Amino acid sequence: TCAEMATIPLGFNIDAPRWDQSTFMGRLKHFFNITDPRTVLVPEKELDQAKAMVESCRAGLVPPGSSQEQLLYAKKLYDSAFHPDSGEKMNLIGRMSFQVPGGMALTGCMLQFYRTVPAVVFWQWVNQSFNAIVNYTNRNAASTVSLRQLGVAYVTATGTALATAVGLNLYTKRAPPLLARWVPFAAVAAANCVNIPLMRQQEIINGVTVTDKDNNELGQSRRAAVKGIAQVVVSRITMAAPGMIIMPIIMERLEKIPFMQRIQVLHAPLQMLLCGGFLLFMVPAACALFPQRCSLAVADLEQELRDSIMAKHGDKVPYVYFNKGL
């Protein structure tokens, strides 16, 4: 009533982005908001309440006494924990808001325990298991993936990471120490190039649903899927790069200091904390590199789909849009 009218602006749309998604800064603010690691600690009950609030707001039923701030916070929790396509609650480990605590621990361990082959094998395996969960959770949910395909993707990506890491580890035995410290990044980058396309192979085989700017479905496009997945690969490698490239340089310098040589037991926790600092900024920055709602010119689509769109809409639809996943 009057109180509601005062707090909720007329025509408030809970799904309208708070920041301009066509600019990098707008996307950065958006992803800082939804990848906030503090949302990992929010109880399940509160997440479900946030979902109910968002859904009732979408139906035009603003809960009595709700302020705009409460609705925006509910949307933040909803975006952090529920899949943008299906609306289903994502598993905790796969959420982008878990990338900072999860990535911090794994990156720190990969960078610290790189000297022996068993340590390299173990931490690369753990990291690829984590990546597989994240990639599956953040896929374009319109595409179903069989357990067999998931298994092949997981085994191939883990094998690629291990082959790269162990091969380079042996190759760098006679190289400068700093090069050996960069082996984990090379392994992570190589595995991302394999893991993400394989985990999302159904999108490449069958295409993803493309729409016009008003969200009207136009068909399935494999080329759109390839573009979206390629952007996700670049984002994931960018997410890992600063921490895994700069951290070894920092640790190489620090380990020469006598005080640091006396507290070797604290090197791993220190690396984890510093990696967390990098990831706190790099997770949203990497997600923001490309728009979540990806676009592709109709002229670049498959001939059949292009002809179908032209036959129905003529020149009125110059671009198609789709969710590229994260």
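In this predicted model, helix H4 contributes 6 residues to the lining of the largest pocket, the largest share of that lining.

**The largest pocket**
- At least two lining residues are supplied by each of helix H2 (24-34), helix H4 (68-81), strand E1 (208-211) and strand E4 (319-323).

**Helix H9**
- Helix H9 covers residues 183-199, a run of 17 residues.
- From first to last C-alpha, H9 reaches 24 Å, close to the 24 Å expected at 1.5 Å a residue.
- A kink of about 25° is centred on Asn 192 of H9, and Asn 192 is also buried.
- Other buried residues of H9 include Val 183, Pro 184, Phe 185, Asn 195, Ile 196 and Met 199.
- The buried residues of H9 pack against helices H5 (99-112), H6 (117-137), H7 (147-171), H8 (177-181), H10 (201-206) and H11 (222-254).

**Annotated transmembrane regions**
- An unreviewed UniProt entry places the feature "transmembrane region" at residues 151-171, 229-250 and 270-290.
- Residues 229-250 are 100% helix and 0% strand, with end C-alpha atoms 32 Å apart.
- Residues 270-290 are 86% helix and 0% strand, and their end C-alpha atoms are 32 Å apart.

Note on methods: Residues numbered from 1 in each chain as written. Predicted model: local features only at pLDDT ≥ 70, side-chain atom pairs only at ≥ 80, totals over all residues. Heavy atoms only, no water. UniProt positions renumbered as here; feature names shortened; annotations may be inferred. Helix = DSSP H or I, 4+ residues; strand = E, 2+ residues; numbered from the N terminus. Expected span 1.5 Å × (residues − 1). Bend = angle between axes of the 7 residues up to and from the residue. Buried < 20%, exposed > 50% of the residue type's maximum accessible area, 1.4 Å probe, protein only. Contact = heavy atoms within 4.5 Å.
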